[in-house]
Amino acid sequence: VTVVEEKRLGDRVRNHAATVPIDFPVTPHILRHTYVTRLILGGVDLKRVQYLAGHSDPQITLRIYTALMGHQPEDLIDDVNAIFAPKPAAGSTP
């Protein structure tokens, strides 16, 4: 698998490619799961993810893909802290 990384150098962007070995067969099914999971984790609206996945109901999308995500407290702590962390006062510097 080739990974392309962009690096900004002033006004120019340089692309650097690296080959990363994968020690398991990659199937279209694995790519589908990766695509849909990344959409969900990226905050895409569930109805849009459902449409892109071709599911007839968003509950199908939730049932399949939330089972693939971490649900242990250590997996969730950053999400919870981001929601409940105090917001800086307007005009203050973080």
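In H1, the buried residues (under 20% relative accessible area, against over 50% for exposed and anything in between for partly exposed, with a 1.4 Å probe and protein chains only) are His33, Val36, Thr37 and Leu39. Look down the axis of H1 and these buried residues fall within an arc of 155°, so they line one face of the helix; the arc is that of the directions from the helix axis to the C-beta atoms. The face turned away from that side carries the exposed Pro28, Leu31, Arg38 and Leu41.

A word on the source: this is a predicted model, where local features need pLDDT of at least 70, side-chain atom pairs count only at pLDDT 80 or more, and totals for chains, interfaces and linings use all residues. Residues are numbered from 1 along each chain as its sequence is written, and side-chain values use heavy atoms, with hydrogens and water left out.

Here are the helices, which are DSSP runs (H or I, at least four residues) numbered from the N terminus:

| Helix | Residues |
|---|---|
| H1 | 28–41 |
| H2 | 46–53 |
| H3 | 58–66 |

H2 and H3 are among what covers the buried residues of H1. Just after H1, glycine 43 takes a positive phi of about 90°.

Now for valine 49, which sits in H2. Valine 49 is buried, at a relative accessible area of 0%. Beyond its neighbours within four places in sequence, valine 49 is in contact (heavy atoms within 4.5 Å) with Val36, Leu39, Ile40, Val44 and Thr61. Threonine 61 is 12 residues from valine 49 in sequence, and their C-alphas are 7.7 Å apart in space.

Conventions. Helix = DSSP H or I, 4+ residues; strand = E, 2+ residues; numbered from the N terminus. Expected span 1.5 Å × (residues − 1).
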